[in-house]
Amino acid sequence: MWPDRARVPPPFAMTNVEEKKQPQKRLEPRSAQFVRGIGPRRFEALNRIGVHTVKNLCYFFPRRYEDRTRFESVANLKPGMEVTLRGEILAQGVKPLKKFAIFEMVVGDSTGTIQAVWFNQPYLKNQFRVGDQVILSGKVECYHNQVQLNSPEYERIERAEDDPIHVGRIIPIYPLTEGLVQRSLRQAMKEVIDRHVPNEIEEFLPEEIRSRNSLLDLTTALRTMHFPEDWRSLEQAQKRIIFDEFFTFELMLLSKIRGIRSREKSMPFEKNSALLSNFRKALPFELTNDQEQAVKEITDSVSQTIPMNRLLQGEVGSGKTVVAAAMLYLAAQNRLQSALVAPTEILAEQHFGKLKPFFESLGVQTALLTGSVEENERSRVYEQAQAGAPTVFIGTHALLQEEVQFQRLGLVVIDEQHRFGVAQRAKLLLRRPRPHLLVMTATPIPRTLGLTLYGDLDMTILRQLPKGRKQIKTYWIDRDKEEDVLKHIRNSVAEKDEQAYILFPIIEETERSDLQAATQEFERLQKGIFRGIPLGLVHGRLAKKERDNVMTRFHSGEIKVLVATSVVEVGIDNPNVTYMVIENAERFGLSQLHQMRGRIGRGTKESMCFLFGNPTTEDGKKRLRILTKTNDGFTIAEEDLALRGPGDFFGTRQTGLPYFRVASLTRDVSLLLAARNEAAQFLERDPDFSQPEHNLLAAEIAQRCTQFTP
Ligand code: ADP
Ligand code: MG
């Protein structure tokens, strides 16, 4: 967890808080080497997992806890039990064997006696004496018909009032790495908590915030995180630590938003609904109410000098593209350049294919830029960008590269935002003047993520689908029925004018074996069930010319069934397709499956989606079941977040989440809301952290923030 964290780029640059001077009376961070029990070797091991200072150690929390407070009577011990017992040493000694030595001890309580053994630790002999009181904790085994404890954790009780560390209480179990041993690390932690915390940890949370939210003071919380008295106080401690994570995060987020709002400037668009009248006339349909509302909200934002930073969320098929097109058109009407950025070449080309004739009929210039655009054409596009004439640039992230020097870039629209990392978005924001930014996603963002990861974005939501859409029916198909389904599809596309997708989604386009499987299956279908039906195959490795050819023939209806890997997942729009088969459906997350399914049901005909898959886990089964029950993207997003956790929610490229190490975005929603509230109020009172009593908080935030820097 720690090393990962170090590599994570900052979710955003700290502005207000970072620039503040550190308060003078700040304690120097003390090296973890000063802790008794941490020698050079252990220090090195700790360094490898990102622990350098005493404070780092304080925040190096147990991975779990074990309750060793209940002493079992020896008479009750049965093989297989995890027990803690307390007794007197009745005998002890080392038994030297040929290859190793065994240290043995016989311990008795008032109900009986038991033997405990340790292999290869003869030195233990000197740590115990007959007559000592000990607490042992471990698993009961059966050896030669006798119960015994094998290498239990131990602790000698010298005086009744001794505070035990390893047994006889709720015990912390730390995440280990090579060079760290549970027992010695725990010992060192006790040292940290007893001797260092009081001197080195300073309370940074204002008293009134603590009392309003019934939070423990920091010292108590940290002590309890490591050595809890009982489960209830552990909960209290966790609450404090989680609150801190949310509160500092929200302070960064909100103060960054304020910073942008007050400093950066974008070029404002003229707000005049007549500017869109030709656009509306050219559309083959009327905008839905939601689309109208979205156009209005976005127009309001871009007509200000404050840079727009807006997320347009909407179900697949809800018609986000036309909303984006309206804004791109509006930019041109304002004599500004604009860019529409798609995550894949296929999607960029598809947007271009549709939008170019549309915009040109309206007298607006367009240009395409992707990785496959040839050298000559590329330099022409670069020149166009530099010349500054109002043009709608459509392309992939090639458009975001520095070589493209836009003269008057007023608006950037990013399609299918979940495919872009936060880092890419951040890079874009470095352009000056800052273009207004609209990001679009079909993966609805659950509320907690909306308030954290995406908390710097305003939201516009399209809930309504364009009129006349039929619900997609989704079925989870048993393996022995798969063939029937394929035959049914074959007959439908042969007899009626219908089309189908068969998806062999591959997780990484680079996975050769997956690609092979898709290719083989394509051949098998072509020779088998679909013999005589025009089939096409597309995947990420296909040469552009070939791919274009297949796509054109599919769109024209010549190819009836398109076998594809995940390239279809993003945005392909062919309203004539009514069937979708997803093979290996169990390998995908809910949101991804929902995305894929969104490729059908785009016309007026009833559509069906068949999930082929045999999940082995309960979660896997649950995912497929949820899909057969609902088409609602927001429900699916919440379920997905709950099932997979936020780290996986958007795939591996998502960043920023490791900030939350104890907090959980699925479990701690109410604390998040409370913390956000407090953060907002705090910034009302002291937006620049200028009050001296807020120095420690500012320093704490600055420090937490630097832990993100790569
Ligand atoms: P998505 O939100 O998934 O990007 P698209 O923008 O691709 O959806 O739109 C899906 C389809 O719906 C397109 O064929 C588009 O032309 C059509 N569409 C969009 N808005 C409307 C509308 N108001 N009435 C009818 N059809 C619409
Ligand atoms: Mg789209």
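Me: In which hand does α11 pass α12?

Reply: A crossing is left-handed if the near helix is turned anticlockwise from the far one by less than a right angle, and right-handed if clockwise. Here α11 passes α12 in a right-handed crossing. This is a predicted model, where local features need pLDDT of at least 70, side-chain atom pairs count only at pLDDT 80 or more, and totals for chains, interfaces and linings use all residues. Residues are numbered from 1 along each chain as its sequence is written, chains are lettered from A and ligands numbered from 1 in the order in which they are written, and side-chain values use heavy atoms, without hydrogens and water.

Me: At roughly what angle do the axes of α11 and α12 cross?

Reply: Helices are DSSP runs (H or I, at least four residues), numbered from the N terminus. Axes are lines fitted to C-alpha atoms over the stretch in contact, with angles from 0 to 180 degrees between N-to-C directions. For α11 (residues 320–333) and α12, the axes come within 12 Å and cross at roughly 45°. α11 is therefore oblique to α12; under 35 degrees counts as roughly parallel, over 145 as roughly antiparallel, 65 to 115 as roughly perpendicular, and the rest as oblique.

Me: Which residues of α11 and α12 meet?

Reply: Contact means heavy atoms within 4.5 Å. From α11, T321, A325, L328 and Y329 meet H351, L355 and F359 of α12. This contact has five nonpolar, two polar and no charged residues (Ala, Val, Leu, Ile, Met, Phe, Trp, Tyr, Cys and Pro are nonpolar; Asp, Glu, Lys and Arg charged; the others, Gly among them, polar).

Me: How do α12 and α18 cross?

Reply: The crossing of α12 and α18 is right-handed. The axes of α12 (residues 345–361) and α18 (residues 544–555) come within 12 Å and cross at roughly 55°, so the two helices are oblique to each other. E345, I346, E349 and Q350 of α12 meet K544, R547, D548 and H555 of α18. By class, that contact holds one nonpolar, two polar and five charged residues.

Me: What is the angle between α5 and α7?

Reply: The axes of α5 (residues 182–200) and α7 (residues 218–226) cross at roughly 165° and come within 10 Å. α5 is therefore roughly antiparallel to α7. Their crossing is left-handed. M189, I193 and V197 of α5 make the contact with T219, L222, R223 and H226 of α7.

Me: Which residues around ligand 1 come nearest?

Reply: Near means a heavy atom within 4 Å. Of 17 residues around ligand 1, E286, G317, K320, T321 and R469 come nearest. A polar side-chain atom of K320 lies 2.7 Å from a ligand 1 oxygen atom. For a side-chain N or O atom of T321, the distance to an oxygen atom of ligand 1 is 2.6 Å.

Terms used
A polar contact is a pair of N or O atoms within 3.5 Å; within protein, one must be able to donate a hydrogen and the other to accept it, and residues adjacent in sequence count only if both atoms are side-chain atoms.
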